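This report describes selected features of one protein model.

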Amino acid sequence: METYDDELIRFEAEGATPLPDTSDQGYVEHDGARIWYAAYGSGSPVILLHGGLGHSRNWGYQIPALVSRAYRAVVIDSRGHGRSTRDSRPYTYELMASDVATVMDTLQLEKAGLVGWSDGACTALILAAQDPARVAGVFFFACNMDPSGTKKIEFTPTLNRCFSRHVKDYARLSPTPDQFDEFSEAVGLMQRTQPNYSAEDLAQIRVPVAIVQSEDDEFIKREHAEYLARSIPNAEFIHLAGVSHFAPLQRPELFNDAMLAFLSKILA
């Protein structure tokens with residue numbers, strides 16, 4: 001029986017479950033950054049893109065589920081996050097999307113399904129918009145595509161626990177462990193001002209998309225998620241009950257069931 005971590009108490013204390021061991025990992029040099037990646041299993045490729053201030057281990061509950069269904073699961077630490085470096089330029093989702101494409105080139109992946117969480121969802125959808133031939137579909141969880149889609153943030157105990165974990169992990173993993181404040185400010189600026197997709201921009205997206213919204217998301221308005229699902233031609237709306245912005249950590253089985261159902265349609 002699944003044990004819930006709705007208040008992220010276990011996550012703050014321990015982090016997500018560790019990623020499996022793999023020899024299929026390394027770094028890619030791209031556009032002023034050194035990007036870390038790892039891959040697990042074999043089969044149709046699925047790339048998982050984590051949220052802002054986090055890193056790839058936050059997908060620890062999803063990797064075994066994907067490998068057991070015969071997918072090749074690939075995780076990437078976004079530039080400046082986790083083990084990856086960054087240069088002094090401001091963050092953009094377009095730049096991070098180009099990092100993903102470079103990792104795909106390194107792994108010789110012509111096309112993949114993308115699973116994005118928060119900032120990772122923006123990155124995934126922008127890559128799909130820019131290079132649809134490389135994207136089988138996007139599982140877009142917990143993000144906005146213009147600044148009007150966000151709520152005013154209230155720092156609840158759950159959010160504080162998540163932030164505390166991010167601080168600890170950054171100090172442990174980052175090549176610049178003493179620069180969390182500068183890193184957080186740079187990511188926050190991007191989040192407040194990007195992306196800026198119009199309804200017309202969304203209408204040009206041609207890949208299958210699942211817009212996935214949690215019942216109690218702390219950051220994203222439900223009406224914005226519904227607007228995205230209406231505005232993207234080949235999109236569906238998925239509602240996750242009883243969870244928040246951190247569903248992959250809070251109730252992994254609920255999140256994984258929705259993720260796997262979508263992937264089974266786009267990576268048949």
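## Largest pocket

In this predicted model, the lining of the largest pocket comprises 17 nonpolar, 14 polar and three charged residues. The volume of the largest pocket is about 770 Å³. The lining numbers 34 residues, and L53, S118, I153, Q191 and F219 are the closest to the pocket centre.

Three helices, namely helix 4, helix 5 (157-173) and helix 6 (180-193), each supply at least two residues of this lining. Helix 6 gives the most, with five residues.

## Enclosed cavities

The model contains three cavities of 30 Å³ or more. The largest cavity holds about 60 Å³ of space. Its lining is formed by I35, L49, I76, D77, S78, R79, M96, D99, V100, G120 and T123. By class, these residues divide into five nonpolar, three polar and three charged.

Helix 3 and helix 4 (119-130) each supply at least two residues of the lining of the largest cavity. The largest share, three residues, comes from helix 3.

## Helix 3

Helix 3 spans residues 93-106 and has 14 residues. From its first C-alpha to its last it reaches 20 Å, close to the 20 Å expected at 1.5 Å a residue. After helix 3 comes Q108, which has a positive phi, near 55 degrees.

Helix 3 is mostly covered, with 10 of its 14 residues buried. The buried positions are Y93, L95, M96, A97, D99, V100, A101, T102, V103 and M104. Of these, M96, D99 and V100 are also among the residues lining the largest cavity. An α-helix has 3.6 residues a turn, so residues three or four places apart point the same way.

## Nonpolar cores

The largest nonpolar core has 50 residues. Those with the most contacts inside this core are I47, I76, V138, F140, M145 and V209. A second, separate core has 40 residues, including L19, V46, V75 and A142.

Which residues does I47 touch, not counting residues up to four places away in sequence? The partners of I47 are V74, I76, V100, M104, L109, A112, G113, L114 and V115. Two of these partners, V100 and M104, are buried residues of helix 3.

Terms used:
Residues are numbered from 1 along each chain as its sequence is written. This is a predicted model: local features need pLDDT of at least 70, side-chain atom pairs count only at pLDDT 80 or more; totals for chains, interfaces and linings use all residues. Side-chain values use heavy atoms; hydrogens and water are left out. Helices (H or I, at least four residues) and strands (E, at least two) are DSSP runs, numbered from the N terminus. The expected span of a helix is 1.5 Å times one less than its number of residues. Buried means under 20% relative accessible area, exposed over 50%, partly exposed in between (1.4 Å probe, protein chains only). A nonpolar core is a set of buried Ala, Val, Leu, Ile, Met, Phe, Trp, Tyr and Cys residues joined through side-chain atoms within 4.5 Å. Contact means heavy atoms within 4.5 Å. On a 1 Å grid over the protein atoms alone, a cavity is a set of points where a 1.4 Å probe fits but cannot get out, and a pocket is an open set with protein on both sides within 12 Å along at least five of seven lines; lining residues have an atom within 4 Å of a point. Grid points are joined across faces, edges and corners, and a volume is the space filled by probe spheres set on the points. Ala, Val, Leu, Ile, Met, Phe, Trp, Tyr, Cys and Pro count as nonpolar, Asp, Glu, Lys and Arg as charged, and the others, Gly among them, as polar.
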